[in-house]
Amino acid sequence: MIKKDRSLTMSYLEFNRTQWAALRNSVPLTLTEEELINLQGINEDLSLEEVAQIYLPLSRLLNFYISSNLRRQAVLEQFLGSDGQKIPYVIGIAGSVAVGKSTTARLLQALLSRWPEHRCVELVTTDGFLHPNNVLHERGLMKKKGFPQSYDMHNLVNFIAEIKSGSCQVRAPVYSHLMYDVVPDGNKLVKQPDILILEGLNVLQSGMDYAHDPHHVFVSDFVDFSIYVDAPENLLKNWYINRFLKFRQGAFANPDSYFHHYARLSEEAAIKIATQLWDEINGLNLKQNILPTRERASLIMKKSANHAVESVRLRK
């Protein structure tokens, strides 16, 4: 269990759902039900009400921060007497497997791109920076996938450093959940967006998490605003198992899926395997490497049943 430091909890403003929803301040909802269905995860029942009450206030807050950051850039350009390069604003989204990070990232991408400024918003996941399976096999790390030692952190840090230096275009490796591996020679071209959303288990990790591979600069050093999507472990475990069961009926049924052999399992056997995977890999990673980074976040979204956000903590 992670012990809370009282000085850390006091550094946040806390809002219940009603208080947070009131901060929407008449921001219009521009998503339709159909668009929302395309954005949500496989095991989430996300409503337009949830978007309006939780994610619209968040997008409003982020818009304020981004506008303030642009004004600071303009001040620096005025001081230097130069036309500076456009430096993307980086939003990091962290949290456990199955908590809904990807849905949060896709929602924010959609909402932030719909503000009157029509900013270009790119989304990159850190899964692409995992070592390929052949490397993980060689190092005996296949059962540590998602743990700090399974990532090519030098490549990830170089990517985010290039983004923050204002490079015109940067290539990010791509991960296939169907193949359960990094796509050979696959890449996504990121062309100097206004906003980059970086989503992954490890975006808040720092030197203490990489004692096996010491270096001095980390992803968190380049993130302008960070979000930790939180939930009690019993819910996370249930969401993971339910997602596994849905994959068994869907993605796992694809003959090209890395996990195709799971499609033939009975429901009882599938629940047993999913529970084992959680207890031995994902739950362990949560306790050891992910949850300890929570209080580094600028904002913490705490979920309850049905993925509904019940409270928000915002760093003062």
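1. Let's start with a definition: a residue is called buried under 20% relative accessible area, exposed over 50%, and partly exposed in between, with a 1.4 Å probe and protein chains only. By that scale C168, at 56% relative accessibility, counts as exposed.

2. A word on what you are looking at. This is a predicted model, in which local features need pLDDT of at least 70 and side-chain atom pairs count only at pLDDT 80 or more, while totals for chains, interfaces and linings use all residues. Residues are numbered from 1 along each chain as its sequence is written, and side-chain values use heavy atoms, with hydrogens and water left out.

3. Now the overall fold. The protein has nine helices and nine strands; these are DSSP runs, numbered from the N terminus, with helices being H or I of at least four residues and strands being E of at least two. The radius of gyration is 20 Å, close to the 20 Å that the globule rule gives for 316 residues, so the protein is as compact as a globular protein of that length. That radius is taken over C-alpha atoms, and the rule is 2.2 Å times the number of residues to the power 0.38. Along the principal axes, the C-alpha trace spans about 65 × 45 × 40 Å.

4. Next, packing and surface. Of the 316 residues, 50% are buried. Taking contacts (heavy atoms within 4.5 Å) between residues at least 6 apart in sequence, 74% join residues at least 24 apart. The accessible surface comes to about 15,600 Å², and carbon and sulfur atoms account for 53% of this surface. Accessible areas come from the Shrake-Rupley method with a 1.4 Å probe, and for residues only the protein chains shown count as cover.

5. For charges, there are 35 positive and 34 negative side chains, and the centres of the two sets lie 4 Å apart. Lys and Arg count as positive and Asp and Glu as negative, leaving out His and the chain ends; each charge is placed at NZ of Lys, CZ of Arg, CG of Asp or CD of Glu.

6. Back to the cysteines. How many disulfides does the structure hold? There are zero, a disulfide being a pair of cysteine sulfur atoms within 2.5 Å. C120 is in no disulfide, and the nearest cysteine sulfur, that of C168, is 13 Å away. Seen from C168, the closest cysteine sulfur is in C120, and those 13 Å are too far for a bond. C120 is partly exposed, with a relative accessible area of 36%.

7. I54 is worth a look inside helix 4 (residues 48-80). This isoleucine is buried, at a relative accessible area of 1%. Not counting residues up to four places away in sequence, I54 touches R17, W20, M301 and V309. From I54 to S67 there are 13 residues in sequence and 21 Å in space, C-alpha to C-alpha.

8. S298 sits in the loop between helix 9 (267-290) and strand 8 (299-303). Is S298 buried or exposed? S298 is buried, with a relative accessible area of 16%. Its contacts, leaving aside residues up to four places away in sequence, are Y12, F225, S226, R313, L314 and R315.

9. Finally, two backbone angles to check. A98 is not a glycine, yet has a positive phi of about 75°. A98 lies in the loop between strand 2 (89-95) and helix 5 (101-113) and counts as buried at 11% relative accessibility. Q192, also not a glycine, has a positive phi of about 40°, and is found in the loop between strand 5 (181-190) and strand 6 (195-199).
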